[in-house]
Amino acid sequence: MRSPADTLRQPFLAAILALALGCAAPEAGTDDAMAEAEPTAAEVAEMPPQPMADPADVESIDAIITAVYEVISGDAGVQRDWDRFRSLFLPQARLMPVSSQHGENGRSSSVSAATPDEFIEGSNDFFVSEGFYEVEIGSVTEQYGDIAHRFSSYASFRTDDPDEEPFNRGINSFQLLYDGERWWVLSIFWQHEPDAGPIPAEYLDEV
């Protein structure tokens with residue numbers, strides 16, 4: 001999924017990741033360290049409850065992926081329904097854009113990770129000020145038991161005009177879990193076409 005501001009390319013997400021990794025971890029193997037690592041009752045109470053999902057959004061793989069694309073899409077000035085967005089993701093979910101650099105020795109790539117709330121914090125201003133629409137243009141889904149993976153090719157637009165040319169394309173790699181009642185997004189891992197090269201035909205719908 002191409003996030004706004006050039007796919008949230010690294011300044012915001014890298015800063016978040018650096019901050020998270022920079023926090024001192026307790027020494028393993030000590031009772032005091034384990035106690036310090038556990039959240040207090042007050043900290044737990046401050047965590048917002050998981051929004052309730054619309055059953056229609058999470059009844060199938062197709063439904064939950066459609067919901068992800070719908071909730072991030074909209075005209076400039078339109079506030080996104082972030083509670084709907086949060087309701088699609090497991091609490092431990094991550095959104096992970098790949099950033100690539102092209103040099104004399106070829107391409108090198110790195111990845112950053114954000115929680116759904118960090119993604120919201122980093123992208124909300126963009127969504128309010130810019131038009132952004134993203135649609136699936138092809139997919140391959142694999143499922144085993146209660147886990148599933150979907151290569152979801154996407155195209156990004158500034159408006160919902162069907163004649164508009166996309167300003168970007170790429171592939172979102174969705175990892176999903178069925179918990180016996182509904183589907184959840186565990187992660188979205190993506191790279192866009194200008195970095196990775198043309199999307200292979202097998203990941204595109206026939207026109």
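Reader: Which residues form the negative surface patch?

Author: In this predicted model, the patch consists of Asp 75, Asp 160, Asp 161, Asp 163 and Glu 165. Asp 160 sits in the loop between β4 and β5 (168-178).

Reader: Why is Asp 160 called exposed?

Author: Its relative accessible area is 55%.

Reader: What makes Glu 70 and Arg 84 a salt bridge?

Author: Their side chains meet at 2.8 Å, N to O. The cut-off is within 4 Å, so the pair qualifies.

Reader: Why does Arg 84 count as partly exposed?

Author: Arg 84 has a relative accessible area of 22%. Buried requires under 20% and exposed over 50%, so a value in between is partly exposed.

Reader: Is Arg 150 buried or exposed, and how do you know?

Author: Arg 150 has 5% relative accessibility. Buried means under 20%, therefore Arg 150 is buried. Arg 150 also forms a salt bridge with Glu 136, with the closest N and O atoms 3.0 Å apart. Here Arg 150 belongs to strand β4 and Glu 136 to strand β3, 14 residues apart.

Reader: How do you know that strands β3 and β4 pair?

Author: Strand β3 (residues 133-144) and strand β4 (residues 147-157) share 11 bridges in the antiparallel sense. Pairing needs at least two, so the strands pair. Tyr 133 has Phe 157 in β4 as its bridge partner.

Conventions:
Residues numbered from 1 in each chain as written. Predicted model: local features only at pLDDT ≥ 70, side-chain atom pairs only at ≥ 80, totals over all residues. Heavy atoms only, no water. Helix = DSSP H or I, 4+ residues; strand = E, 2+ residues; numbered from the N terminus. Patch = residues over 30% accessible without salt bridge, like charges linked within 9 Å, V, L, I, M, F, W, Y side chains within 5 Å. Areas by Shrake-Rupley, 256 points an atom, 1.4 Å probe, with all protein chains shown as cover. Lys, Arg positive; Asp, Glu negative; His and termini not counted. Charge placed at Lys NZ, Arg CZ, Asp CG, Glu CD. Buried < 20%, exposed > 50% of the residue type's maximum accessible area, 1.4 Å probe, protein only.
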